[in-house]
There are 4 protein chains.
Amino acid sequence: MPLTLLKISCPDRVGLLARLTTFVAYHGGNLLEVNQFTDPVSKWFFARLAIDTRSLALDSAALHKAFAPLAADLEGEWTIRETKQKMRVVILVSKLDHCLADLLWRWRSGELPIEIPLIISNHQDLQPVVEREGVPFAYVPVTPETKATAFEKMATLFCDAQADLLVLARYMQIFPSELCKEWHGRLINIHHSFLPSFAGANPYKRAYARGVKLIGATCHYATADLDAGPIIDQEVVRVEHFHTPEDMLRLGRDCERMALARGVRYHVEDRVLIHGNRSIVFRD
Amino acid sequence: MPLTLLKISCPDRVGLLARLTTFVAYHGGNLLEVNQFTDPVSKWFFARLAIDTRSLALDSAALHKAFAPLAADLEGEWTIRETKQKMRVVILVSKLDHCLADLLWRWRSGELPIEIPLIISNHQDLQPVVEREGVPFAYVPVTPETKATAFEKMATLFCDAQADLLVLARYMQIFPSELCKEWHGRLINIHHSFLPSFAGANPYKRAYARGVKLIGATCHYATADLDAGPIIDQEVVRVEHFHTPEDMLRLGRDCERMALARGVRYHVEDRVLIHGNRSIVFRD
Amino acid sequence: MPLTLLKISCPDRVGLLARLTTFVAYHGGNLLEVNQFTDPVSKWFFARLAIDTRSLALDSAALHKAFAPLAADLEGEWTIRETKQKMRVVILVSKLDHCLADLLWRWRSGELPIEIPLIISNHQDLQPVVEREGVPFAYVPVTPETKATAFEKMATLFCDAQADLLVLARYMQIFPSELCKEWHGRLINIHHSFLPSFAGANPYKRAYARGVKLIGATCHYATADLDAGPIIDQEVVRVEHFHTPEDMLRLGRDCERMALARGVRYHVEDRVLIHGNRSIVFRD
Amino acid sequence: MPLTLLKISCPDRVGLLARLTTFVAYHGGNLLEVNQFTDPVSKWFFARLAIDTRSLALDSAALHKAFAPLAADLEGEWTIRETKQKMRVVILVSKLDHCLADLLWRWRSGELPIEIPLIISNHQDLQPVVEREGVPFAYVPVTPETKATAFEKMATLFCDAQADLLVLARYMQIFPSELCKEWHGRLINIHHSFLPSFAGANPYKRAYARGVKLIGATCHYATADLDAGPIIDQEVVRVEHFHTPEDMLRLGRDCERMALARGVRYHVEDRVLIHGNRSIVFRD
């Protein structure tokens, strides 16, 4: 069913949800899913309304226009988007392909409602598994010397691809902070530990050394602070004394796949709202 | 914070949530939590609105009266309840005390917002652990011959205790079907398996014999059909080949405690709506 | 590291493990992993010994010969296998490819130490995704009329492929009971529910109708009794009222993938011993 | 069944398990459970052998004597203990009673095979719930000025109580490092986060601020380094954006209870071996 998704966050006040739902009802919109959250700590309001597009008396552009004055009055940050327009997701990888393969399968099978205009890597290893899916592949090597120009080149690629979202699927390069800022809220990373434990390099090795009994993965929005951005989802798995660092790599891969797939899914279905360093996630 | 909880289920139609939230806003109500669900299969609408009691311009009785015409128009089943009036929960036990001890701790510590006017058992074993908490204990033995009169006596006790909810905390007697009907939606049972697996007697023994790798517990509304009522919550734990039936009893106790405590919590916070044999649970 | 795996089950008696480990030590074998289980209910003994192949003074054939008298004395059922000889796994699929894609990825990446000599399907849909991996694909349609000959043909294919293990990766045909018997303990199925709940057809649909709060998947050895064979592993995921049957299909796919991958892994690493309808699984 | 538990860790070498099991068999010992682990990284060997006490030809003292030369030859660290002699566990608490109540229930019901000779607190709040169980309670207030003498007093109490194990059940005082050293491997703490995340004070508050989607608890041996000792067990639970810091406290309590109860259980059943900062835990 084609949906129109209205997402808004704004300061809380009495009658907010009434005004939003009345607005939708006024235009004939049949609400299929409503998620609302009022943060008692920050006194902020968050909502996601999924409307049956066909029930609306207005088209998307007109709805935007009609909603703008209300949103302005509410001092809201908002988006309206139709699901028939799938988000365009550019994926960045290095050499490890487990997250990539998982995303590709979910995309190909239709589970993940996205388009993948481009996959970028700083290595050529994964070119064959990308191209056999019919997805364009760009090889952009990154060396300490070429880092600046490489990322400039990638920034151009993102724009040319009209990307809505960048996904770092075990991309082993640190993103420049200007790019992190420019793509804030549209740059998703998968980190192979349950943050804030083991931020940074070699988390499995450090998890082994610490002797933890749970390892995990964290899907989060990348920010200029390494592994410190808003968390979308986390996944853990039990480990025991007999699990070697190699076993942790293996078990961790499944955590990474699951957390990343869910995080991307929530984002491309407009289920995530960011507030400071916290994420409101209206799960499905 | 004192809350007024409005719970409603009714046939879905356009503008439902707008009408409900507008009603609340009209009476000055500040919405702290709104949960809504439209079942796409049955086309039924469910909502729970948590309103700051102090923000309402009406008292509870007046709010009831004001809401009645709207509810009638929506053909809704509904309740309005203030949380300052805690639900009165009568607990039934036999000889096993793990669920009882858990509920008592959560009640005593204030985690579970309930009153416990009475605990009933068909054995006298648990009388001391009940009475040391200052809770009245009623010993109502049940034998095949006295079953009818025993349950009549208990029905009287429920009424005298002005019970809002009955909890079967490993009460090893089958409730008469008339009582199940009379208390429909207000009679919670904990079954020691992940239903529908191993409904009926000796679930751990049968789980062991079947060689399952997960055991669990199910908190559900009891109905005249044994272990077939609407499920509120379930909990599972992994077992391995080295777990004996006794180990399963031990591990299962924690599942039972957790599932029952959550189920009771959801119920007494008006977070559960029953629809046929399914439960809508707005978790917290 | 090349391992020699000794697996044995036999009636329990005093000194069993001493005799086994002394046998290994006598031949110079360095034990890297020893798993042992004595079932207190059936008084049966199970063990798996992983020996550094290079430390053994005998080659595999000689070790077999040397072990046979001891095994006979213990009335044991046993195998000795070198891991350098990977198990040959024939996979059967219908139209759904999530389990297949997952197994293929784990095989291709080296995570799953198997060879895949053949993939068989009763449909042609998955031929491309199989053949692009360089794996032979056999199309064996099954209709009510041709069922007997189709399975005869497949039985021949299994033998020709020198299969050690058959995996039903969401193969939607019921295996003939003679084949189940012939391949007992070497025929793994993934069922899309947490057995014994929802054995048979349409488990997600029935799970939805029952209103369960957990759905799952079960990896088990197929026997002539449908979905009743020894369970190797199970996986569950929480569901809520807002999950439609389609959502359950989606969430369930990840359970199926995980349970199947683990079950196959345990089998091909000789970590599973069957005893009646129970599985001893020495996890890694 | 009365068990004799032999626990040993030593450098790995060929034939180790054969020598141990042959030793046991030589003295008529029937092995009910054998757990063994060879750490491939440190080349260290760990084992726990559970022997039916009644099958042994020697009493415990004689078995000790008989085993000593073998253990010396293996350069092993070892213990032999009969389960009929339950470990004596002294529990320390402050004001929060959820972990204490849980341990008391498990002890009283016989689930946890321990004796509790004494419970110590720096507050008097929990004296009634302790004394009604018939357990001696010692009130040892700790102020910055009296800290040294308070811990001296407690050290005396531990000895007088002939404690085998000290359990810090949300005891909100930092243990002096000399006491940590003296009780190394016999001092268990429950920390209310999944370590290494949020070591130190106020973990739930910091977890909320970080916006994690999982919170947890860690049962570990306390060492002089705060929250950095060997981990025995961890437990996590999912949280969502709507969970306030108070909700986290509530959900976390169940994690703490579970992780602590398991950790204590593993310890008092001699299932834990410490190696550097890692714990080998032969779970049951």
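Guide: B:Pro196 sits in the loop of chain B that runs between strand 9 (187–191) and helix 7 (203–210). The model is a predicted one. Most peptide bonds are trans, and most residues other than glycine have a negative phi.

Chain C has a cis bond to report as well: C:Leu195 and C:Pro196 are linked with omega of about 5 degrees. C:Pro196 belongs to the loop between strand 9 (187–191) and helix 7 (203–210) of chain C.

In chain A, the loop between strand 9 (187–191) and helix 7 (203–210) holds A:Asn202. Its phi is positive, about 55 degrees, although A:Asn202 is not a glycine. A:Asn202 counts as partly exposed because its relative accessibility is 47%. Another non-glycine residue with a positive phi is C:Gln162, at about 50 degrees. C:Gln162 is in the loop between helix 5 (147–160) and strand 8 (165–168) of chain C. With 57% relative accessibility, C:Gln162 counts as exposed.

From the loops, turn to a helix. Helix 1 of chain A has these buried residues: A:Leu16, A:Leu17, A:Ala18, A:Leu20, A:Thr21, A:Phe23 and A:Val24. Their cover includes strand 1 (3–11), strand 2 (30–39), strand 3 (44–52) and helix 2 of chain A, together with helix 1 (16–26) and strand 2 (30–39) of chain B. After helix 1 of chain A comes A:Gly28, with a positive phi near 85 degrees.

Helix 1 of chain A also takes part in a charged pair. A:Arg19 and A:Asp73 form a salt bridge, and their closest N and O atoms are 2.6 Å apart. A:Arg19 lies in helix 1 (residues 16–26) and A:Asp73 in helix 2 (residues 60–74), so the pair ties together parts of chain A that are 54 residues apart in sequence. Both ends are partly exposed: A:Asp73 has 39% relative accessibility, and A:Arg19 has a relative accessible area of 33%.

A:Arg250 and A:Asp247 meet in a salt bridge of 3.1 Å, N to O. They are three residues apart in helix 8 (residues 245–268) of chain A, which means a separation of about one helical turn. An α-helix has 3.6 residues a turn, so residues three or four places apart point the same way. A:Arg250 is buried at 9% relative accessibility, and A:Asp247 is buried with a relative accessible area of 14%.

In chain C, C:Asp254 and C:Arg257 form a salt bridge with 2.6 Å between the closest N and O atoms. These two residues are three apart in helix 8 (residues 245–268) of chain C, about one turn of the helix, and both are buried. Elsewhere, shared partners link salt bridges of A:Glu33, A:Arg48, A:Arg265, A:Glu269, A:Arg271, A:Asp284, C:Asp247 and C:Arg250 into one network. Over all chains the count is 120 salt bridges.

Last, chain A as a whole. Chain A has eight helices and 13 strands, and 61% of its 284 residues count as buried. Along the principal axes, the C-alpha atoms of chain A fill a box of roughly 60 × 40 × 35 Å.

Methods: Residues numbered from 1 in each chain as written. Chains lettered and ligands numbered in written order. Predicted model: local features only at pLDDT ≥ 70, side-chain atom pairs only at ≥ 80, totals over all residues. Heavy atoms only, no water. Helix = DSSP H or I, 4+ residues; strand = E, 2+ residues; numbered from the N terminus. Buried < 20%, exposed > 50% of the residue type's maximum accessible area, 1.4 Å probe, protein only. Salt bridge = Lys/Arg side-chain N within 4 Å of Asp/Glu carboxyl O. Contact = heavy atoms within 4.5 Å.
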